[in-house]
Amino acid sequence: MILRWMLVIVVLPAASAVAQSTSSRSFDGVPLRTWVARILEDTSTFRRDRAAAAIRRAPPAFRREFVRELVPALGRSGQPQAFAINAIGRVVNEGQIGTILDDRGLDLVPAVAALTLIAEEVGNPNRRFAWFLLARTDSVTSRGLLPNARRALGDPDAGIRWQAVDFLAHVRDSADIAGVLGAARDASPDVRERALSLLSQWAPRRAVPAYLDALSDTAGDVRESAVIGLGRAGPFARNAVPALVRMVGDTATSRALAANAAWALSLIMPRYDQENLIQLEVSDDNTSVRSDGLGLYVHGADSVSVTKAASLNLDLGGPRGEGRATTLNVVRPLRRSLVVDLSQPVKESGATALGIIRDNETIVHMAFTHVHERNMVSITRLEPNDTLTPVERVEFQFRIRGAAHLLQMGEWTQGEFSRNVPRVSGAGTTTASVAHPDVSTWTVSAPQGSVARLWDLRDPAHPVDRGLYVVPFTFRWSLVDPP
């Protein structure tokens with residue numbers, strides 16, 4: 001197997017608090033040149049590792065000066081170059097193999113020219129590591145290196161071809177999908193596996209023919225990546241169903257591969273009308289309905305219920321039944337909440353600015369469509385597609401100073417199919433849309449200028465119209481991470 005990359009992370013004991021110097025020429029009371037000498041001249045691997053780990057915690061200005069000071073050593077052969085390139089890798093790495101901190105790509109910029117020369121020097125043992133780091137520079141620098149990476153797809157060293165595929169998948173220029181698809185037929189099984197694995201995250205639909213071909217690959221890792229890619233392609237991989245069914249039932253198939261094939265089939269041929277364990281991401285960018293800042297809302301965590309059934313749902317207080325916000329009098333000390341900004345009223349509607357509302361037992365329903373006075377159509381009936389589809393009713397149930405309210409978008413009357421809920425509607429509002437590009441994700445959004453109607457439900461039998469409010473939002477439901 002090809003070594004994925006050459007960094008070895010040493011787990012160090014907890015260090016004392018680091019004092020950050022105001023000068024980029026010293027850190028923790030030690031001059032820059034002393035740090036460089038420790039990296040290039042100390043014979044102890046352990047001490048070099050400790051030095052690099054310390055600098056990883058230094059301010060950005062010092063880290064970049066440190067990398068700049070190591071550039072001359074990158075131009076030398078043998079031990080100095082090896083010590084320098086490994087130190088740079090450790091400084092920009094957060095401590096987990098293959099992961100670079102978001103802002104560390106800029107730290108690499110001073111070394112890009114030297115790393116590029118190493119990456120293209122045939123026979124240099126540090127080539128693969130140089131490519132690994134080049135793929136993790138800032139986005140502008142990475143795009144400038146695309147011609148180099150495209151040439152590297154034809155390198156005689158399989159390890160370099162592997163790194164070239166990795167580089168192209170990090171940058172994700174759509175023009176390079178064809179080149180990575182070509183790498184899925186590489187002579188090296190490791191390169192084939194890497195290409196198929198990355199395509200499953202980048203462009204699974206485009207890669208379906210390559211996945212189908214790879215189901216008969218001699219390498220087990222390649223077959224496994226192909227199966228996972230077919231699952232991520234969802235219904236667009238229907239042609240793979242017979243082969244996957246055989247794989248599930250074949251006693252010669254490993255248990256892990258058969259399980260992955262069964263998982264892929266469940267996404268290619270999803271069972272309708274079932275509730276799936278999912279998670280929800282709420283966008284906080286230029287929106288009026290925002291998260292509490294604590295990250296994803298995950299089903300089963302912190303009393304949160306996130307489901308996909310007849311509609312897309314979020315219930316921060318746990319499942320208590322339709323309309324429960326109208327009768328809930330006790331405020332429980334739950335951790336998660338949702339923020340609704342009602343500071344943009346449509347004045348001619350009679351609404352007044354109510355400011356920021358935060359409720360820890362908010363309910364959200366995003367309903368797909370319905371047949372008037374007959375039935376609601378489940379959102380699970382919506383097939384993956386490349387277009388935006390209207391969502392006919394969006395509702396947010398929450399409390400304002402303890403009183404139950406409901407904010408609705410879309411004119412569909414809430415009580416059309418039930419006598420047990422308040423008779424409210426979204427008359428005069430705009431409509432949200434759902435993007436469902438694959439079997440695993442649903443993004444419901446209302447663009448800037450979108451309008452919803454607020455109802456006071458303190459007396460559910462006689463709801464009071466509080467007028468219209470501008471409430472753009474973006475919610476993204478997704479299945480939990482596949483294998």
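This is a predicted model: local features need pLDDT of at least 70, side-chain atom pairs count only at pLDDT 80 or more; totals for chains, interfaces and linings use all residues.
Ile85, Asn86, Ile88, Gly89 and Val92 in helix H4 meet Phe129, Ala130 and Leu133 in helix H6. Of the residues in this contact between H4 and H6, six are nonpolar and two are polar, while none is charged.

Two packed helices are described by the angle between their axes and the distance between the axes. For H4, which covers residues 79–92, and H6, which covers residues 127–134, the angle is about 30 degrees and the axes lie 11 Å apart. Because angles under 35 degrees count as roughly parallel, H4 and H6 are therefore roughly parallel to each other. The crossing of H4 and H6 is left-handed.

Elsewhere in the chain, three strands form an open sheet in the order S4-S8-S9, with antiparallel pairing. Strand S4 (289–290) and strand S9 (355–359) are the edge strands, each of which pairs on one side only. Strand S8, made of residues 338–342, runs antiparallel to S9 and is joined to S9 by five bridges; leucine 338, for instance, has aspartate 359 in S9 as its bridge partner.

How confident is the predictor, and what average pLDDT does the protein chain have? The protein chain averages a pLDDT of 84, and 86% of the residues score at least 70.

| Stretch | pLDDT | Contacts in the model |
|---|---|---|
| residues 95–99 | under 50 | 10 contacts beyond four places in sequence |
| residues 271–276 | below 50 | 16 contacts beyond near neighbours in sequence |

Conventions: Residues are numbered from 1 along each chain as its sequence is written. Side-chain values use heavy atoms; hydrogens and water are left out. Axes are lines fitted to C-alpha atoms, for helices over the stretch in contact, and angles run from 0 to 180 degrees between N-to-C directions. Helices (H or I, at least four residues) and strands (E, at least two) are DSSP runs, numbered from the N terminus. Angles under 35 degrees count as roughly parallel, over 145 as roughly antiparallel, 65 to 115 as roughly perpendicular and the rest as oblique. A crossing is left-handed if the near helix is turned anticlockwise from the far one by less than a right angle, and right-handed if clockwise. Contact means heavy atoms within 4.5 Å. Ala, Val, Leu, Ile, Met, Phe, Trp, Tyr, Cys and Pro count as nonpolar, Asp, Glu, Lys and Arg as charged, and the others, Gly among them, as polar. pLDDT is the predictor's confidence in each residue, from 0 to 100. Two strands pair if DSSP finds at least two bridges between them.
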